[in-house]
Amino acid sequence: MKRIKLTVAYDGTNYCGWQIQKNGITVEEVLNKTLSRFFNEDITVIGASRTDSGVHALSNVAVFDAEVTMPPDKIAYAINNLLPDDIRIQKSEEVPLDFHPRYCDTRKTYEYKIYNAQFPDPLMRLYSHFVYFHLDEEKMQQAAYYLVGEHDFKSFCTPKDDVENTVRTIYFIKVVREGNLVRVLINGNGFLYNMVRIIVGSLLKVGMGMIPPEEIKNILEAKDRTKAGHKAPACGLTLVDIEYL
């Protein structure tokens, strides 16, 4: 028996997130079925990040156990021939049997793309959030500084019954404009349910001049979800990287 680690990229547009759901097809479900078919045994992957419906990934991580005889690095080539075009294995490798993708120290990087122009770009519609109000990215960056460090992010998450500890560490937030595209990069040791999208929704309020940058500090200290901005749409969010420490 071997444990195989997969680095997985996917376009989340047509999926109800990573984790298996009753109401629609998910990335995890597709991987399970494809791997089970290839190895001719029941296989269930364990994912590092349970991305939401419509969220994309460049390098999510999953592991599975199987009686593997082929070289682990060749599994990616074989499985990619069976997967739909919107899911691709970027790397396959053997890891110790006790390696668990969610119970290791990591740094995760998410990117949120905002298309900020007078009119939408149809080629960007699946991978960015369109905003026609002019955004002040410098003020958004000023506001983002208040969120860097270890904080209780209760104001910036959707409550879940199984999560008691809402303290997380954000190492950096970068707000960068490239023409009409505003990119928000967030790197941290872990993220709560909808945390990145709520942070972006709050920064958008700053960028549109609805609240001053320093109000983000007050929202953070309030530990009250109703004080933060709306959850930004899923289409603009991509899990860019998971670094294992």
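Does Glu 29 count as buried or exposed, and at what relative accessibility? In this predicted model, Glu 29 counts as buried, at 19% relative accessibility, where buried means under 20% relative accessible area, exposed over 50% and partly exposed in between (1.4 Å probe, protein chains only). Residues are numbered from 1 along each chain as its sequence is written. Because the model is predicted, local features need pLDDT of at least 70 and side-chain atom pairs count only at pLDDT 80 or more, whereas totals for chains, interfaces and linings use all residues, and side-chain values use heavy atoms, with hydrogens and water left out.

Glu 29 forms a salt bridge with Lys 33, the closest N and O atoms being 3.0 Å apart; a salt bridge is a side-chain nitrogen of Lys or Arg within 4 Å of a carboxyl oxygen of Asp or Glu. Both residues lie in helix α1, four residues apart, about one turn of the helix. Helices (H or I, at least four residues) and strands (E, at least two) are DSSP runs, numbered from the N terminus. In contrast to the buried Glu 29, Lys 33 is exposed, with a relative accessible area of 54%.

The structure holds ten salt bridges. One of them joins Asp 65 to Arg 3, with the closest N and O atoms 2.7 Å apart. This pair links distant parts of the chain, as Asp 65 belongs to strand β3 and Arg 3 to strand β1 (residues 2-10), 62 residues apart. Asp 65 is partly exposed at a relative accessible area of 28%, while Arg 3 is buried at 11%. Strand β1 also contains Lys 5, whose partner Glu 93 lies in strand β4 (residues 87-95), 88 residues apart. The closest N and O atoms of Lys 5 and Glu 93 are 3.9 Å apart. Lys 5 is buried, with a relative accessible area of 15%, and Glu 93 is partly exposed at 23%. Salt bridges that share partners join Lys 5, Lys 91 and Glu 93 into one network.

Aromatic contacts were examined next. Rings of Phe, Tyr and Trp (its six-membered ring) pair if their centres lie within 6.5 Å; planes under 30 degrees apart count as stacked, over 60 as edge-to-face and the rest as tilted. By this rule the count comes to eight aromatic pairs. In one of these, the ring centres of Phe 39 and Phe 64 are 5.6 Å apart and the planes stand at 45 degrees, so the pair is tilted. Phe 39 lies in helix α1 (residues 27-39) and Phe 64 in strand β3 (residues 56-66), so this pair ties together parts that are 25 residues apart in sequence. Phe 39 is buried, with a relative accessible area of 14%, as is Phe 64, with 1%. A second pair consists of Tyr 132 and Phe 133, whose ring centres are 4.7 Å apart and whose planes are at 25 degrees, so the pair is stacked. Tyr 132 is exposed at 55% relative accessibility, and Phe 133 is partly exposed at 48%. Ring pairs also link Phe 38, Phe 39 and Phe 64 into a cluster.

Tyr 132 and Phe 133 form a nonpolar surface patch with Met 208 and Met 210, with about 450 Å² of accessible area together. Patches are made of residues with over 30% relative accessible area and no salt bridge, like charges being joined within 9 Å and nonpolar side chains (Val, Leu, Ile, Met, Phe, Trp, Tyr) within 5 Å; accessible areas come from the Shrake-Rupley method with a 1.4 Å probe, and for residues only the protein chains shown count as cover. Met 208, in the loop between α4 (195-207) and α5 (215-222), is partly exposed at 31% relative accessibility.

Strand β9 is mostly covered, eight of its eight residues being buried. Leu 181, Arg 183, Leu 185 and Asn 187 point one way from β9, and Val 182, Val 184, Ile 186 and Gly 188 point the other way. Strand β5 (residues 106-116) pairs with β9 in the antiparallel sense over eight bridges, two strands being paired if DSSP finds at least two bridges between them. Leu 181 in β9 is the bridge partner of Tyr 115. Strand β8 (residues 167-178) also runs antiparallel to β9, joined by eight bridges, and Arg 177 stands opposite Val 182. β8 and β9 form a hairpin with two residues between them, and Gly 179 in the turn has a positive phi of about 65 degrees.
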